[in-house]
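Biologist: Hey, I've got this one open on my screen. Can you walk me through it?

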Amino acid sequence: MVEGWSSAPDLFAVRDPNRQLLGWIEALGDGWGAYIQGRLIIDATDGDPWLSTDAPHAVALLRAGRGQQLT
């Protein structure tokens, strides 16, 4: 589940079906970043952030990061 607030249209909480917080996605310039425990997910090889062109893809990146146990 993704939830947002009208006062912050570029920031969304991502929760599991039990409403447990999985992370956040946020608009960053022209892209979207995913955060786990307040830290932006970055590529381990080059240190660049994992950015997405849209919010739904950023949620997929967040899920991939959680699958890599980046918590």
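Predicted model: local features only at pLDDT ≥ 70, side-chain atom pairs only at ≥ 80, totals over all residues.

Biologist: What about strand 2 and strand 3?

Modeller: Strand 2 is residues 8–15 and strand 3 is residues 21–28; they're antiparallel too, joined by five bridges. They form a hairpin with five residues between them, and R19 in the turn has a positive phi of about 70 degrees. Across that pairing, V14 stands opposite G23 in strand 3.

Biologist: Switching topic. How many aromatic pairs are there in the whole structure?

Modeller: A search turns up one. The partners are F12 and W32: their ring centres are 5.8 Å apart and their planes sit at 40 degrees, so the pair is called tilted.

Biologist: Where in the chain are those two?

Modeller: In distant parts: F12 is in strand 2 and W32 is in strand 4, 20 residues apart.

Biologist: Is W32 buried or exposed?

Modeller: Buried, because its relative accessibility is 16% and the cut-off is under 20%. F12 comes out at 21%, so F12 counts as partly exposed.

Biologist: Which residues make up the largest nonpolar core?

Modeller: There are 11 in all, including V14, L22, I25, W32, A34 and I36. In soluble globular proteins, nonpolar side chains tend to be buried together.

Biologist: Which element gives the most to that core?

Modeller: Helix 1, with four residues. Strand 3, strand 4 and helix 1 each supply at least two.

Biologist: Let's zoom in on A34. What does A34 touch?

Modeller: Leaving out residues up to four places away in sequence, A34 touches W24, I25, R39, L40, I41, W50, A58 and L62.

Biologist: Last one: where is confidence lowest, and where is it highest?

Modeller: Lowest in strand 1, residues 2–5, with a mean of 82, and highest in strand 4, at 94. The chain averages a pLDDT of 87, and 96% of the residues score at least 70.

How values were computed. Residues numbered from 1 in each chain as written. Heavy atoms only, no water. Pairing = 2+ DSSP bridges. Phe/Tyr/Trp six-rings, centres within 6.5 Å; stacked < 30°, edge-to-face > 60°. Buried < 20%, exposed > 50% of the residue type's maximum accessible area, 1.4 Å probe, protein only. Core = buried A, V, L, I, M, F, W, Y, C linked by side-chain atoms within 4.5 Å. Contact = heavy atoms within 4.5 Å. pLDDT = per-residue confidence, 0-100.
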